[in-house]
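Colleague: Could you walk me through this one residue by residue? I'll ask and you answer.

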Amino acid sequence: MYGNNKFVAVGSATDSSGVITSSDGNNWTPVNIGQNSCWWLSLIYIPSKTLYVAVGYSYVGYSNGIIMTSNDGNTWSIQNISDGKIYNSIAYGYVNNQDLYVIGGLNFTYTSNNGINWTYHSLADKTELKSIV
């Protein structure tokens, strides 16, 4: 993902990384996010807010959905949500004059207007959402 004059990529790591950044796309630097055993599955950048948002899961004993945000790609704030779910994808839109974030996974979505407080929605048809655009 490119935003705020840098590339940011997320992935999995058993140490406290899982995020790398680059100013040129050739040379990459690991970022210590301070959270072990994270599997980051989706990343978005919102230019109007200068905000990166990543979702995935943390596996320390059992899976928990995890969300992290950053304004610069180097310093991250992490939200652990103890719901036992894996967050596969995140999308952002501006709907009805307000921000809307949507997270998807197996048989559920979460929505938020601010990226902090989330509302759970069950999907009736047992669909696993792998990507939301």
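Predicted model: local features only at pLDDT ≥ 70, side-chain atom pairs only at ≥ 80, totals over all residues.

Colleague: Good. In the hairpin of E10 and E11, which residue takes a positive phi?

Modeller: Strand E11 covers residues 98-105 and pairs with E10 in the antiparallel sense over seven bridges. Along that pairing, isoleucine 90 faces isoleucine 103 in E11. Most residues other than glycine have a negative phi. The hairpin has two residues between the strands, and the positive phi, near 50 degrees, is taken by asparagine 96.

Colleague: Is asparagine 88 buried or exposed?

Modeller: Asparagine 88 sits in the loop between strand E9 (77-81) and strand E10 (89-95). Contact means heavy atoms within 4.5 Å; leaving out residues up to four places away in sequence, asparagine 88 touches several residues, among them Leu41, Val55, Gly104 and Leu129. The scale is relative accessible area, with buried under 20%, exposed over 50% and partly exposed in between (1.4 Å probe, protein chains only). Because its relative accessible area is 8%, asparagine 88 is buried.

Colleague: And which backbone oxygen does the side chain of asparagine 88 reach?

Modeller: The term here is polar contact: a pair of N or O atoms within 3.5 Å, where within protein one must be able to donate a hydrogen and the other to accept it, and residues adjacent in sequence count only if both atoms are side-chain atoms. For the side chain of asparagine 88 the distance is 3.0 Å, and the backbone oxygen belongs to leucine 129.

Colleague: How many salt bridges does the structure hold?

Modeller: A salt bridge is a side-chain nitrogen of Lys or Arg within 4 Å of a carboxyl oxygen of Asp or Glu. One of them joins the side chains of lysine 130 and glutamate 128 (3.3 Å, N to O). Lysine 130 is exposed at 57%, while glutamate 128 is partly exposed at 37%. The count of salt bridges in the structure is two.

Colleague: Which residue forms a salt bridge with lysine 49?

Modeller: The closest N and O atoms of the lysine 49 and aspartate 99 pair are 2.8 Å apart. Lysine 49 is in the loop between strand E6 (38-46) and strand E7 (51-59) and aspartate 99 is in strand E11, so the pair ties together parts that are 50 residues apart in sequence.

Colleague: Over to the open sheet of four strands: what is its order?

Modeller: Its pairing is antiparallel, and the order is E1-E2-E4-E5. The edge strands, each pairing on one side only, are strand E1 (2-3) and strand E5 (29-31). E4 and E5 pair over three bridges, with isoleucine 20 opposite proline 30 in E5. To repeat the order, E1-E2-E4-E5.

Colleague: Which side chain does the side chain of serine 22 make a polar contact with?

Modeller: Serine 22 belongs to strand E4 and counts as buried because its relative accessibility is 4%. Not counting residues up to four places away in sequence, serine 22 touches Lys6, Phe7, Asn27 and Trp28. At 3.1 Å, the polar contact is with the side chain of aspartate 24.

Colleague: Last one: what phi does glycine 115 have in the turn?

Modeller: Glycine 115 is in the hairpin of E12 and E13, which has six residues between the strands. The two strands pair in the antiparallel sense over four bridges, and tyrosine 110 has tyrosine 120 in E13 as its bridge partner. The phi of glycine 115 is positive, about 80 degrees.

How values were computed
Residues numbered from 1 in each chain as written. Heavy atoms only, no water. Pairing = 2+ DSSP bridges.
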